[in-house]
Each structure stands twice: as C-alpha cells, then as structure tokens.
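The following exercises concern a predicted model.

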Amino acid sequence: MLIYNKSDVHPSTFILIGIPGLEAAHLWLSIPFCMGYILALVGNCSLLFIIKTDSSLHEPMYLFLCMLAVADLVVCTTAVPKLLSLFWFNDGEIPFEACLTQVFLIHSCSTMESGFLVGMAFDRYVAICNPLRHSAILTHTITGAMGLAIVFRGVAFLSLHPFLLRWLPYCKTNTISHTYCEFMALIKIACAETSIRRAYSLIVAFLTGGVDFILIICSYVLILNTVFHLPSKDARLKTLGTCGSHVCVILVFYTPAFFSFLTHRFGHKVAPHVHILVANMYLLVPPMMDPIIYGVRTKKIRDRFIKLFSLQRI
C-alpha cells in the first residue's frame, strides 16, 4: 500500500506547459490569440451596451444574446489572459485553488452558453411556429426565469467537478499538458482510479450539451416543417433568414466543442497539439465570432455598431 505526503497528494501549484510540440511557436501563436481576445472583449461589450441602450432590442432573442455575451466574456477571460502570460513570459505556474476555480468557471459557463443557445432556438420556434402568441409566451419575466434556470443548471451540474478533482492524489506529476486547467487534463495526471469520475463527467456532458443539441435539432425540425408549408418561396426564404445568425452561432459553438469532447475521450490517435489548439479555439472563437455574426446579419445591431464607432471617431 502506497503512502503519500499531503504535499505530494495536493501540490501547491500546477505547471501549464502550453501546446506540446509547439513550444517554439508560442510567441507567434500568441498574436492571433491576443487579437481574438481583444475582438471578443470589444465585440461583446459593445453588444451589451447597444442592446441595453436600445429599447427596440429588448426582445427575448436579444436578451438571450446578452446572457450569451456575458458567459462568453467569462469563459474567454478565465482562460486567455493566463494563456498569454504563458506564451509571453513562460509563466505556466498556477496555484492549485486557482486551477480548480478555472475548471469550474470554464465548464459551468460553457454549459450556460449551450443553454442560452437552446433559449434562442425556442424563441425562433415560437416566433415562426406560433407568431401570434410570441409576445404572450416569451414575456420578459419568462425570459428572465429561463435565463436563471440555465445559470442554475450550469452551477448545479458543474459545481461537483472541482471537488472530484480536489479529492484525487497527484503524486505522478504536477505538469499539465495544456494551456489551461481542464477536467480531463487533470484526471489524466491523477495517480488513482478515475473511472467513476470519468463516467460522471460523461453523463454531465450528455445531460447538458448533448440534450441541448437534441433540443435545438428538434426546434429546427419543427421550424422547417412550418416553413415548408408557407405559400410562397419569398416567404420561406424571409422566414429562414431570421434564423441565419442563430444557425451560424450554433455551428461556431458546437463544432469545436464536439471535436474537443470526442478527442479527449476517444481520439487517442489525434496529435496532442491538434486537440489543444481545437480546445482553445472552442473557448475563444465563439466569443469572438458571436458579436460579428449578429453585427453583420442583424440590421438593427449593425446600424447601432456603425453609429457607435462613428461617434467614437468623431
């Protein structure tokens, strides 16, 4: 029977090594990450300001978009500043408690992002399939209650993750082959049986992201069924056009999310640097692209963006 010292079981710090195999390129990789982070900050803060100050945008779709923007900001701000510190100053050291906090914030807010996309899909379903009752069904009170429920779900399902990691012994190494603290990355360096924790993580992922994706698919099946029964081609195209921004955001969010999730658990032949790059894209690309997608495709937001930045230049 092995006996560990407390300092061996719970190291005071972990060491993030960045992207294995691409250490020499860290400085160059920091440039797109830094630019993407700045775009995410400016875009999402501008989006929040525009929606808050324009009463015509106080509709369920844009209220969910505000919630998504806040979650986006939390996710990328939790991970990217530490990543840039690692790339610029080789500062990979992160305290044990800060690492667990990073795990909780990244996973819980990512779950909330997924939930807000479901809320937006429900808004599109009601607006297209039951337009006369849209304002009666999705009142501000109902929209706020749905948002709170999504936040509560994210906290409730993911609050156990840091404790599952805290109770593990880390006697092999305190070096994490990643740019941020992530549940499976810590599981891999633990020197104990982790099958139950892995199973719990898999169940949580299915009950959140998996169920959310199924609900979004069901919403769009019903939407398409309604659209195809419209009398004219112009009406069909115009109705589908109202869903374009949301579909783009769904693709931007779920494509790297599913790739990262599947390669972590089943993609043993995928090169580590590919997996880690995709995992970082999952945290940074959606927060960067969401304001751009809605800014380009939504006339009201696009006009306010132009007016806002025109005033700043003046």
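**Exercise 1. Determine which strands helix α4 lies across, and describe the sheet that they form.**

Step 1. Helix α4, residues 96-129, lies across β1, β2 and β3. Its direction is at about 85° to that of β2.

Step 2. The three strands make up an open sheet with mixed pairing, and their order is β2-β1-β3. The edge positions belong to β2 (93-95) and β3 (175-176); each has a single partner strand, so one side of each has no neighbour in the sheet.

Step 3. Two bridges link β1 (residues 13-16) to β3, and this pairing is parallel. Leu-16 has Ile-176 of β3 as its bridge partner.

**Exercise 2. Describe the packing of α3 against α12, and identify the residues that make the contact.**

Step 1. Two packed helices are described by the angle between their axes and the distance between the axes. For α3 (residues 60-89) and α12, the angle is about 140° and the axes are 9 Å apart.

Step 2. The crossing of α3 past α12 is left-handed.

Step 3. On the α3 side, the contact involves Met-61, Leu-65, Leu-68, Asp-72, Val-75, Cys-76, Ala-79, Val-80 and Leu-83. On the α12 side, the contributors are Asn-280, Leu-283, Leu-284, Pro-286, Pro-287, Asp-290 and Tyr-294.

Step 4. By class, the contact of α3 with α12 comprises 13 nonpolar residues, one polar and two charged.

**Exercise 3. Locate the largest cavity by its lining residues, and classify that lining.**

Step 1. Over the whole structure, a search finds one cavity of 30 Å³ or more. The space in the largest cavity is about 30 Å³.

Step 2. The lining consists of Phe-33, Ala-79, Val-80, Leu-83, Asn-280, Leu-283 and Leu-284. The elements that supply two or more residues to this lining are α3 and α12.

Step 3. Ala-79, Val-80, Leu-83, Asn-280, Leu-283 and Leu-284 line the cavity and also take part in the contact of α3 with α12.

Notes:
Residues numbered from 1 in each chain as written. Predicted model: local features only at pLDDT ≥ 70, side-chain atom pairs only at ≥ 80, totals over all residues. Heavy atoms only, no water. Pairing = 2+ DSSP bridges. Helix = DSSP H or I, 4+ residues; strand = E, 2+ residues; numbered from the N terminus. Contact = heavy atoms within 4.5 Å. Axes fitted to C-alpha atoms, helices over the stretch in contact; angles between N-to-C directions. Left-handed = near helix turned anticlockwise from the far one by under 90°. Nonpolar A, V, L, I, M, F, W, Y, C, P; charged D, E, K, R; others polar. 1 Å grid on protein atoms, 1.4 Å probe; cavity = no way out; pocket = protein on both sides within 12 Å on 5 of 7 lines; lining within 4 Å. Points joined across faces, edges and corners; volume = space filled by probe spheres on them.
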